[in-house]
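Subject: Structure handover

Hi,

Here is the structure I promised you. Please open it first, then read my notes below.

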Amino acid sequence: MSAEMDSQARAAKGMAFTGAALGVILLATTVAQLPADVVGQRIGAQREMFRLFWPQGMKLFTNAAGREFTVAYHHDEAAGTFVPITRTAGDRDYLGGLDRGSYADLSRLLATVDELPGEHWRDCAAATVSDCAAVVTQAPRVVLNSYFSAETPCGPTVFAIERPSRDTSSRHVVRVAAVDLTCAPR
């Protein structure tokens, strides 16, 4: 009977530890949701950093119909074509969203776009980036370093801000910016 009591005591200790750990996690997550003026700037900054990597807080998952998406296209000027550099997280190359490489590619895209001065964006309301070819050819070009992977072509690139279309399942272009990406030394 003492072996059975010993087993029950260990189980009770394990449940107590689990309960305490869950209580600490609950307290930490509750404090993290409080406004920055209540918990302080340090915890507020940590919360904002955490939200960058927490998928449910990403723009992709929250109110996607009202959001704008940045897409990069390699511009083959000779052929007049625009080949997408970036893909959605659900793309087949990302195993339908299971491969987290899409987050790295998104970070590379945003790091490159953040270096683009705001005055270089040009308005272009069109169904596709190809329909904005005239705007792209007249837009001033900016030289930026490429943060994309080595397989991604450098050179003439177009960044397009796209919004979901209410009429179809595709997105439409709102603004474009023409850049020349220089390949980073690898």
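**Confidence and overall make-up**

Among the elements of the protein, strand E3 (residues 122-126) has the highest mean pLDDT, 91. Helix H3 (residues 41-53) has the lowest, 72. Keep in mind that this is a predicted model. Over the protein, the mean pLDDT is 78. Of its residues, 77% reach 70 or more.

The secondary structure comes to 5 helices and 6 strands. Along the sequence, they follow the pattern α-α-α-β-β-α-β-α-β-β-β. The protein has 186 residues, and 27% of them count as buried. Its accessible surface comes to about 12,200 Å². Carbon and sulfur atoms make up 60% of that surface.

I also looked at contacts between residues at least 6 apart in sequence. Of these, 62% join residues at least 24 apart.

Start with E6, which covers residues 171-182. Which strand does E6 meet over 10 bridges? That is strand E5 (residues 155-164), and the two run antiparallel. Within this pairing, Ala160 stands opposite Val176 in E6.

E3 also pairs with E6. They run antiparallel, with 3 bridges between them. Look for Asp123, whose bridge partner in E6 is Arg175.

E4 is another partner of E6. Is this pairing parallel or antiparallel? It is parallel, over 4 bridges. Here Asn145 has Thr182 as its bridge partner in E6.

**The disulfide**

How many disulfides does a search of the whole structure find? It finds 1. Cys124 and Cys132 are the two partners, with an S to S distance of 2.0 Å. A disulfide is a covalent bond between the sulfur atoms of two cysteines. The angle about the S-S bond is -100 degrees, and the link is left-handed.

Are these two cysteines buried or exposed? Buried means under 20% relative accessible area. Cys124 has 8% relative accessibility, so Cys124 counts as buried. Cys132 has 0%, so Cys132 counts as buried too.

**The salt bridges**

Side chains of opposite charge can pair when their charged atoms come close. A search of the whole structure finds 2 salt bridges.

One is between Arg141 and Glu77. Their closest N and O atoms are 2.4 Å apart. This pair links distant parts of the chain, 64 residues apart. Arg141 sits in the loop between helix H5 (133-138) and strand E4 (142-145). Glu77 sits in the loop between strand E1 (69-76) and strand E2 (81-84).

The side chains of Asp180 and Arg141 also meet in a salt bridge, at 4.0 Å from N to O. This pair links distant parts of the chain as well, 39 residues apart. Asp180 is in strand E6, while Arg141 is in the loop between H5 and E4.

Put together, Glu77, Arg141 and Asp180 are linked in a network of salt bridges. Glu77 is partly exposed at 45%. Asp180 is partly exposed at 26%.

His75 is in strand E1. At a relative accessible area of 7%, His75 is buried. What does His75 touch, leaving out residues up to four places away in sequence? The list is Thr81, Phe82, Val136, Arg141, Pro156, Thr157 and Val158. Notice Arg141 among them: Arg141 belongs to the salt-bridge network too.

Gly44 lies in helix H3, the element with the lowest mean pLDDT. Gly44 has a relative accessible area of 6%, so Gly44 is buried. Leaving out residues up to four places away in sequence, Gly44 touches Ala36 and Val39. How far is Gly44 from Leu34, C-alpha to C-alpha? The distance is 8.4 Å, and the two are 10 residues apart along the chain.

Best wishes

Note on methods: Residues are numbered from 1 along each chain as its sequence is written. This is a predicted model: local features need pLDDT of at least 70, side-chain atom pairs count only at pLDDT 80 or more; totals for chains, interfaces and linings use all residues. Side-chain values use heavy atoms; hydrogens and water are left out. A disulfide is a pair of cysteine sulfur atoms within 2.5 Å. Buried means under 20% relative accessible area, exposed over 50%, partly exposed in between (1.4 Å probe, protein chains only). pLDDT is the predictor's confidence in each residue, from 0 to 100. Contact means heavy atoms within 4.5 Å. Two strands pair if DSSP finds at least two bridges between them. Accessible areas come from the Shrake-Rupley method with a 1.4 Å probe; for residues, only the protein chains shown count as cover.
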